[in-house]
Amino acid sequence: MTLDQTQLLETQRAFDSVAADYDGPRGNNELIQRMRQSLWDTVQRELPPGSRLLDLGCGTGIDAAEFAQRGYQVVASDWSPQMVARTRVRAEAGQLASRLSAVHVGIHQLDQLQGEFDGMYSNFGPLNCAPEMGAVAAECARLLRPGGKLVFSVIGRICPWEVGHYALKGRFKRALVRAARGATAVGMNRHTIWTYYYLPREFYRAFAPHFALTEYRALSLFMPPPYLVDYYRRRQAWCERLGRLDDRFGALPLLRDMGDHFLIVMQRR
Ligand SMILES: C[S@@+](CC[C@H](N)C(=O)[O-])C[C@H]1O[C@@H](n2cnc3c(N)ncnc32)[C@H](O)[C@@H]1O
């Protein structure tokens, strides 16, 4: 099943509704910051400062501003007009407008963009909200120079913490929501986000015609997922140890197929 316009607009409204407080615990708590650091490090390792980057689903522009500050040229895109507006304010406030611009373009509308990029990144699951990943991959290939890189953090299918957390509460349907085939409705702030879940190999299949797989790793497999930040705060020393397990073992076969998100790196052929 692919998403229709009504469903895409429901997702847009859901994110519009949280844009104002997204920089607080909802979008940027300690566990999210930890995952952000992994994407920042990976982009910086794969692409030198000065590269032209396209951010897919930029949210309020936290990553885009970080990369602009590090000397990258960033075009930040999002399907939620409220998120795009927040990114523009951030760019102005940080005096980054010469290196950071924001456009209201959904991932399913990349055909509206022109130009050539050295790399693209997407953080915290915007790609999970986009229909027709094969068409998205083809557009990414059109916009990226040969040898250019993709660095994406994508919501995975197998998250043991989530299954345990909701099963213990008796919410078995919620515990297994990531097993759904096709788009599934996930509630947020009394709105609906239409979400596709992926195993890394399912996700890569759509990109394989244009991109070679460089690597992928689990994010927040041992560490609790960001929405369990209260648990993390109560048992911080223990959770930090779990985080170190993620750092050491998250790229190992089998383990890398699990986790709240996975971080995948691909290279344009
Ligand atoms: C969980 S937020 C992540 C935002 C940002 N990347 C970050 O790391 O803070 C998901 C973002 O994806 C955006 N999004 C949802 N569907 C989208 C689509 N079809 N195209 C582009 N962006 C989309 C939302 O508006 C939201 O800003």
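## Helix 9 and its cover

Helix 6 (133–143), strand 5 (144–155), strand 8 (211–219) and strand 9 (261–268) are among the elements that cover the buried residues of helix 9. Contact here means C-beta atoms, placed from the backbone, within 7 Å. Helices (H or I, at least four residues) and strands (E, at least two) are DSSP runs, numbered from the N terminus. This is a predicted model: local features need pLDDT of at least 70, side-chain atom pairs count only at pLDDT 80 or more, and totals for chains, interfaces and linings use all residues. Residues are numbered from 1 along each chain as its sequence is written.

Which residues of helix 9 (residues 200–207) are buried? They are Pro200, Phe203 and Phe207. Seen down the axis of helix 9, the buried residues fall within an arc of 70 degrees, so they line one face of the helix. That arc is taken over the directions from the helix axis to the C-beta atoms. A residue is buried if 20 or more other C-beta atoms lie within 10 Å of its own, exposed if 12 or fewer, and partly exposed in between; C-beta atoms are placed from the backbone.

## The sheet

Seven strands form an open sheet in the order 3-2-1-4-5-9-8. Pairing is mixed. Two strands pair if DSSP finds at least two bridges between them. Strand 3 (100–104) and strand 8 stand at the edges, each with a single partner strand, so one side of each lacks a neighbour in the sheet. On average, neighbouring strands are turned by 15 degrees against each other, direction ignored. Axes are lines fitted to C-alpha atoms, for helices over the stretch in contact; angles run from 0 to 180 degrees between N-to-C directions.

Strand 9 is mostly covered, with seven of its eight residues buried. Strand 5 runs antiparallel to strand 9, joined by seven bridges. Val154 has Phe262 of strand 9 as its bridge partner, and Phe152 stands opposite Ile264 in strand 9. Strand 8 is also antiparallel to strand 9, with eight bridges between them. Here Tyr216 has Ile264 of strand 9 as its bridge partner.

## Helices on the sheet

Helix 4 (residues 62–69) lies across strand 1 (52–56), strand 2 (73–78), strand 3 and strand 4 (117–122). Helix 4 runs at about 175 degrees to strand 2. Helix 6 also packs on the sheet, touching strand 1, strand 4, strand 5 and strand 9. The direction of helix 6 makes about 140 degrees with that of strand 5.

## Ligand shell

How many residues surround the ligand? There are 21, and the closest are Phe15, Gly57, Gly59, Pro126 and Cys129. The criterion is a C-beta atom, placed from the backbone, within 6 Å. Helix 1 (5–18) and helix 4 each supply at least two residues of the shell.

The shell divides into ten nonpolar, nine polar and two charged residues. Ala, Val, Leu, Ile, Met, Phe, Trp, Tyr, Cys and Pro count as nonpolar; Asp, Glu, Lys and Arg count as charged; the others, Gly among them, are polar.

## Loop residues

Gln95 sits in the loop between helix 5 (81–93) and strand 3. Its phi is near 50 degrees, a positive value in a residue other than glycine. Gln95 has 11 C-beta neighbours inside 10 Å, so it counts as exposed.

Arg190 lies in the loop between strand 6 and strand 7 (191–195). Phi of Arg190 is near 60 degrees, again positive in a residue other than glycine. Arg190 counts as exposed because it has 7 C-beta neighbours inside 10 Å.

Key: Contact = placed C-beta atoms within 7 Å.
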